[in-house]
Structures are given as structure tokens and as C-alpha cells.
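Student: I've got this model open and want to get my bearings. Can you walk me through it?

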Amino acid sequence: MSAPALPVEDLGTPIKGPTALGNDPRRLLRLTWALAVTDWRLRFFGSALGYLWSFAQPLMLFGVLYTVFSVLLNFGGDERFYPVALLLGIVMYSFLNEATGGAVRSLVNRENLVRKIEFPRLAVPMATVLTACFNLALNLVPVTIFLLASGGKPLWTWLEMPILLAVLVAWAAGIAMLLSALFVRYRDIEPIWTVVLQIIFYVTPIFYTVSLVLEKSSESVVRLMMCNPFAAMLQQARYAFVDHSHLSLGAAMGGVVWIVLPLLVTIAFCIGGYVVFSRAAPRVAEEL
């Protein structure tokens with residue numbers, strides 16, 4: 001004879017699967033920090049130059065772009081300290097590339113951890129973003145040195161930089177959550193995002209200036225470009241950090257009120273990325 005079925009009230013509380021945030025926010029923060037520091041140390045383990053390699057890629061790209069677009073083609077316009085502005089753009093783009101490109105495979109790369117241990121799943125992509133933040137902080141040091149060596153002076157608008165970088169990091173975090181969750185099921189996400197990153201590089205005024213875009217087009221084109229939070233934060237960072245000869249974000253878009261557009265895009269990606277990730281988190285182990 002089969003055992004009698006238990007009443008529903010006697011079955012106990014249903015066991016919940018792993019979630020994005022977990023039950024303790026402090027555990028999420030500690031785990032994110034631990035994963036990021038571990039990845040940071042392992043990246044340069046056994047390397048002769050160690051952390052100096054984090055400077056190598058942006059500096060080499062800077063040398064090529066500076067030679068082509070400043071010396072040969074003169075894309076600098078009338079803005080001062082164009083080489084420093086170019087280096088700042090490369091450093092900020094390198095952060096975006098590392099934070100989002102690395103987050104795509106973050107859950108898949110930690111498949112053994114995800115399958116065996118219950119922990120806040122959000123720690124995995126956020127650790128990738130945090131590791132990219134370490135590199136960003138290091139790479140901003142030579143940018144500052146180049147600026148001061150070129151004759152630039154500290155400005156009170158340097159106080160804007162933490163806010164600008166926080167917005168950029170928030171946008172990258174939203175993208176990281178979205179891409180890492182989608183890649184578990186749709187492996188085409190990686191090549192698609194690689195192409196998107198290349199598009200972002202060329203449609204963002206990294207090696208050319210906004211003033212040149214305004215000369216050849218209109219404010220409407222610039223507003224469309226600045227809907228990209230990366231382009232918006234880069235433009236304002238050049239104004240606030242490098243020199244005021246660079247147009248501020250409000251001036252480039254034709255009014256301060258237009259600044260709300262990249263902020264809305266950032267908020268949309270943060271909310272949308274978290275919603276998608278939180279829904280996918282309980283099923284990640286099954287779909288890997």
C-alpha cells in the first residue's frame with residue numbers, strides 16, 4: 001500500500017532556490033569583493049611586470065590613435081590638452097569594455113561554483129565590474145600625470161569626477177547583469193556585444209571632439225550621440241577634469257535639461273538588467 005498523502009499544511013515551507021541578492025546584503029558585498037580581489041591577483045600571477053600590464057593596453061592604443069588622429073589628421077580641434085583628453089577617453093572605454101565584455105561569460109566561467117554552492121548570484125557579474133574599477137582607478141593615475149606634465153592645473157570641477165564615474169559604473173553594472181543572464185541561454189550574446197562595443201567606440205567622440213561634430217552636423221546629432229551614457233560621461237569628464245575649453249555636456253547638447261536623457265538610459269539599464277538577472281538567477285544552475 002502506498003503511504004497516505006500529507007495535507008498541504010504539513011508539507012512545510014517550500015525551499016527557495018538561489019536568488020540574485022541572497023538573504024544578507026553584507027554577504028553579497030563581501031563575496032563580490034573577495035571574487036574581485038581574487039581575479040585581480042590571479043590576472044597578474046607569475047607575470048614579470050605584474051600590475052604594470054594594466055597600463056600597457058590603453059597606453060599603446062593611445063600612442064597609435066594620437067599619432068594618427070592628432071599628428072597626421074589633426075582631429076584635436078581648438079580644445080586644449082587633446083592628448084590627455086584622448087587618453088582619458090581610451091581609459092574610460094577600456095573600463096567599459098572590460099566590465100561588460102568580461103561579464104558576458106562570468107556565470108558560465110564560474111559554472112562549478114554556481115552549480116555546487118548557494119550564494120547571491122549577483123556577486124559574479126558585479127565582481128567583474130569591480131575588477132574593472134580597480135583597473136580604472138590605476139589608469140587614471142597616468143592620465144593625471146600627463147595632464148599636469150602638459151601644463152594643466154587642478155580645477156574645482158575635479159569634484160565632479162566621482163559622480164561621473166559612479167554613473168558610468170552604474171550603467172556598466174546594468175549591462176553586466178543583463179548580458180551575463182542572457183548569455184546563459186543565448187550564446188549569440190557574446191559576438192553581438194562585441195560588435196556593439198566596436199560601434200560605441202566609433203560613434204563616441206573618443207579620438208575626435210564634439211566641436212568637430214557640431215561643425216559638420218547639428219545639435220540633434222550630438223544629442224543622439226549623448227544618449228549613450230558613456231559618451232555623455234566622457235564629454236563631461238573632459239570638461240570637468242581636462243580643461244574647460246572642452247564643451248560641457250549641457251553645452252554640447254544645447255541645454256542642461258537634455259542631460260536627463262543619458263541619466264534615464266542609465267536608470268533603465270540598471271532596472272532592466274536587475275529584473276532580467278533576478279528572474280534568471282534561480283534557474284542558472286539548471287541551464288548551464
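Student: OK, which residue does Arg110 bridge to?

Tutor: Asp39, with 2.7 Å between the closest N and O atoms. Arg110 is in the loop between α4 (106–109) and α5 (111–116) while Asp39 is in helix α1, so the pair ties together parts 71 residues apart in sequence. Helices here are DSSP runs (H or I, at least four residues), and strands are too (E, at least two), numbered from the N terminus.

Student: And what about Arg105?

Tutor: Its side chain meets that of Glu190 in a salt bridge, 3.0 Å from N to O. Arg105 sits in the loop between α3 (82–104) and α4, and Glu190 in helix α8 (residues 189–203), so this pair links parts that are 85 residues apart in sequence.

Student: Is Arg105 buried, exposed or in between?

Tutor: Arg105 counts as partly exposed because its relative accessibility is 34%, and Glu190 is partly exposed as well, at 26%. The cut-offs are under 20% relative accessible area for buried, over 50% for exposed, and partly exposed in between (1.4 Å probe, protein chains only).

Student: How far apart in helix α10 are Glu219 and Arg223?

Tutor: They are 4 residues apart in helix α10 (residues 219–226), which means about one helical turn separates them.

Student: Switching topic: what does Asn228 touch?

Tutor: Leaving out residues up to four places away in sequence, Asn228 touches Trp171, Ile200 and Thr204; contact means heavy atoms within 4.5 Å. Its side chain makes a polar contact with the side chain of Thr204 at 3.2 Å. A polar contact is a pair of N or O atoms within 3.5 Å; within protein, one must be able to donate a hydrogen and the other to accept it, and residues adjacent in sequence count only if both atoms are side-chain atoms. A polar atom of the Asn228 side chain also lies 3.0 Å from the backbone nitrogen of Phe230.

Student: Where is Asn228, and is it buried or exposed?

Tutor: Asn228 is in the loop between α10 and α11 (229–242), and at 14% relative accessibility it counts as buried.

Student: Zooming out, how many helices and strands does the protein have?

Tutor: 14 helices and 0 strands. Buried residues make up 45% of the 288 residues.

Student: And what is the mean pLDDT?

Tutor: The mean is 83, and 81% of the residues reach 70 or more; pLDDT is the predictor's confidence in each residue, from 0 to 100. Over residues 8–15 the pLDDT is below 50, and that stretch has 1 contact in the model beyond near neighbours in sequence. Where pLDDT is low, the predicted coordinates should not be read in detail.

Note on methods
Residues are numbered from 1 along each chain as its sequence is written. This is a predicted model: local features need pLDDT of at least 70, side-chain atom pairs count only at pLDDT 80 or more; totals for chains, interfaces and linings use all residues. Side-chain values use heavy atoms; hydrogens and water are left out. A salt bridge is a side-chain nitrogen of Lys or Arg within 4 Å of a carboxyl oxygen of Asp or Glu.
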